Amino acid sequence: MRKLNILKTIVDILWIISILSAPLVTGIICSIIVDSSAFGIPIKINGFLYDKFNSDTKLVLIASMVSYLLLVYVIYIFKTILREFQKTKIFSSIVSNGFNKMGVILLISSLLTGVPTFLYSVLSKQKFELEIGLSPFLLMLCFGLFFMVLSEVFKIANTAKQENELTV
């Protein structure tokens, strides 16, 4: 139980930091979209440098902002799941539905981050780069699928628990 409390504390701190930084990130990206000439600072997102703010860059930044806000929502769902774990309601529908939501949102977020960045790299920079390693796109994609599988496992376990309670 101590590990759960440590995890819950870390997630709470991450939640507070992300809630405080979300308006800042949104404000900066909105100011770039509205008036990119006043903002001459290059931005690096997921290892990709954006130094020219044309319409393609603005679309990628919007997709990255939406992806960031979705990740903040994933942290909120994870907090809810951990709260259920602390109440020892491990096999509740909140947990299985939460894991499924987290998985779907992580898949959407990874696609919102990876696909526009790849297209921007190919179309704007006119270069095709293939990087081998652990990219945030692949990690979020894998975690999304993992949470969806974990959701199914919890649903099966919940069904088994209910059947076990009926057979006395």
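**View 1. Thr 88 in the loop between α2 and α3 of the predicted model**. Thr 88 is exposed because its relative accessible area is 59%, where exposed stands for over 50%, buried for under 20% and partly exposed for values in between (1.4 Å probe, protein chains only). Although Thr 88 is not a glycine, its phi is positive, at about 55°. The flanking helices, like all helices and strands named here, are DSSP runs numbered from the N terminus (helices H or I, at least four residues; strands E, at least two). This is a predicted model, in which local features need pLDDT of at least 70 and side-chain atom pairs count only at pLDDT 80 or more, while totals for chains, interfaces and linings use all residues. Residues are numbered from 1 along each chain as its sequence is written, and side-chain values use heavy atoms, with hydrogens and water left out.

**View 2. The largest nonpolar core and the surroundings of Val 95**. A nonpolar core is a set of buried Ala, Val, Leu, Ile, Met, Phe, Trp, Tyr and Cys residues joined through side-chain atoms within 4.5 Å. The largest one has 17 residues, and those with the most contacts inside it are Ile 81, Phe 85, Val 95, Phe 99, Met 102, Phe 147 and Phe 154. Two or more residues of this core come from each of α1 (2–34), α2, α3 and α4, and α2 provides the largest share, six residues. Another core, of six residues, lies apart from it and includes Ile 29, Ile 32, Ile 43 and Leu 61. With neighbours within four places in sequence left aside, Val 95 is in contact (heavy atoms within 4.5 Å) with Ile 81, Glu 84, Phe 85, Lys 89, Ile 90 and Phe 154.

**View 3. Helix α4 (residues 136–166) and its buried residues**. The 31 residues of helix α4 reach 45 Å from the first C-alpha to the last, close to the 45 Å expected at 1.5 Å a residue, the expected span being 1.5 Å times one less than the number of residues. Buried in α4 are Met 140, Gly 144, Phe 147, Leu 150, Ser 151, Phe 154 and Asn 158, and the buried residues of this helix pack against α2 (55–86) and α3.

**View 4. Val 115 of helix α3 (residues 93–123)**. Val 115 counts as partly exposed because its relative accessibility is 38%.
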